[in-house]
Amino acid sequence: MPDGMVNPMDVDYDGLIPNNVNLHADARVRKALETWHPGYIDWWKDMGPEGFQEALVYLRTAISVDPKGWARFDYVRMPDYKWGILLAPAVENRLIGFGAHKGEPAWQEVPGEYRGMLRRLITIQGDTEPASVEQQRHLGTTAPSLYDMRNLFQVNVEEGRHLWAMVYLLQKYFGKDGREEAEELLKRRSGNEDSPRMLGAFNEVTPDWVSFFMFTFFTDRDGKMQLEALAQSAFDPLSRTCRFMLTEEAHHMFVGETGVGRIIERTCEAMRAAGIQDPHDVERIRALGVIDLPTLQRKMNLHFSLTLDLFGSEVSTNAANAYNSGVKGRYREDRIDDDHRLLDATYPVLRCVECAIVQEAVPALSGLNMRLRDDYVVDCHGGVNRWNKVIEKAGIAFRLTLPHVAFNRLIGEFSRLHANPDGQVLDACAFAASHDRWLPSADDNLYIAGLMKPMDQAGGYASWIAAPKVGIDNKPGNFEYVKIWN
Ligand code: BYC
């Protein structure tokens, strides 16, 4: 690299805001971000992890965007975390890969005609990030181990960084409107009646750690799919931002998958030790202080169905317009072998016709939310199969299964009907009568709440979850991931 040039892989840590976007040479945006910064810190202190603002947490911070080694681990007080602006390296001469502008150079600025659409999508993406921190803010006090507590906080600070990522785009490319949106992102609150977060699932509660692990498995995976689709965008800064966010997102899904996997492992181990064969012998299993598999299935049904709503309507003009304009692509668009315009293609979509579930071919452009959702379901199956292997290995006759996509839906085609987890359509009374068989009951929630006792001894784990196979940053089993009192 010539002398004097900044390596775009390296992050500049000299100013208030770490970045690899040459912020010191961009006074307007630097000022806008520095003006936004105190409000962000106030928000973090008000709405971030409750009770742990002074704790020293063993966190990773991005120091580069090089996939081979981008993070450094150290103890940090969360309000001092270096939230920065990190874009994946530019792809030289990148061309637009799909839609009406396919083959044209990617945009470095926002085209006037797509300004509203891009601003809306960036704002929605940005809104989910602080929302999840708000949803999880009470969980530190009931962490099943210091290892899990640290993972929770790592997820939280990175969701905070993802908010910074979207705010940078809003402030750099959308002028006054962008600055206003950035302010609003700090004002909305998850679950608040007057000023809720924008998407449904981000206003739900995350009452316990089972929900946290399910959320990071299912809902963060929606994050992955949406970021993959936005990483294909013709708007190059958005694409580069999302590409780097995906690197961080992988850890969040790891936390979810291994978290649920460790719950299953502990349950199976306890059942075997007590000689219990029947996974439905709930009373005896719960007496062991572990979480029975049918309850986990119900938690899974809830989080999977809530997350499906985040893909929007199965047939959507918004999705068609976003694709046709080049703003949002398909999952791994660059690996798909077709014309990338989709003007004549169709896509099979499950629809609700006269209260029955039928498959119809719709114009492929209108079916893009459904297509992304289908890709998501395939991705979920991979993780669920790995959980089932743990159960199988323990010799217990039980399989976790994803419910039908029509089950328990509030958005899209199936919000108009009631279906059971097998996809059979029922009337409202029949659905209500079986509600507690398919979704967490008050009794399930009470039982899980009773298990949520903090375990804050280094190397200790709550009764209901197994220790991880390896530590974070290869640390030993008794490593003090969070120094709570210091
Ligand atoms: N709740 O044509 P439609 C993540 C609205 S998660 C409330 O059906 P469209 C993360 C919609 O806004 C990923 N409203 O859907 C995970 C529209 O309203 P307007 C977040 C909803 O627009 C864990 C109307 O219904 N990123 O990163 O094709 C932790 C009709 O819309 C919902 C993104 O979502 C809902 N569930 O698709 C932390 C990417 N669904 O405009 C972070 C950006 C729809 O008519 N967003 N509506 O008033 C998008 O791509 C799209 O906005 C959506 C919806 C996929 C969400």
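Biologist: In the hairpin of strand 3 and strand 4, which residue takes a positive phi?

Modeller: The residue is E354, with a phi near 45 degrees, in a hairpin that has 2 residues between its strands. Strands here are DSSP runs of E, at least two residues long, and helices are runs of H or I, at least four long, both numbered from the N terminus. The model is predicted, so local features need pLDDT of at least 70 and side-chain atom pairs pLDDT 80 or more, while totals for chains, interfaces and linings use all residues. Residues are numbered from 1 along each chain as its sequence is written, and side-chain values use heavy atoms, without hydrogens or water.

Biologist: How many bridges join strand 3 to strand 4?

Modeller: Two strands pair if DSSP finds at least two bridges between them. Strand 3 (residues 346–353) and strand 4 (residues 356–363) run antiparallel and are joined by 8 bridges.

Biologist: In what order do the strands of the open sheet stand?

Modeller: The order is 2-1-7, with 3 strands and antiparallel pairing. Strand 2 (71–77) and strand 7 (482–483) are at the edges; each has a single partner strand, so one side of each lacks a neighbour in the sheet. Strand 1 (residues 56–62) pairs with strand 2 over 7 bridges in the antiparallel sense. Within that pair, A62 stands opposite A71 in strand 2.

Biologist: Which polar side-chain atom lies 2.6 Å from an oxygen atom of the ligand?

Modeller: The atom at 2.6 Å belongs to K328. In the side chain of S316, an N or O atom is 2.7 Å from an oxygen atom of the ligand. A polar backbone atom of D309 is 3.0 Å from a ligand nitrogen atom. Taken alone, the ligand exposes 1,000 Å² (Shrake-Rupley method, 1.4 Å probe), and the protein buries 80% of that.

Methods: Polar contact = N/O pair within 3.5 Å; in protein donor to acceptor, adjacent residues only side chain to side chain.
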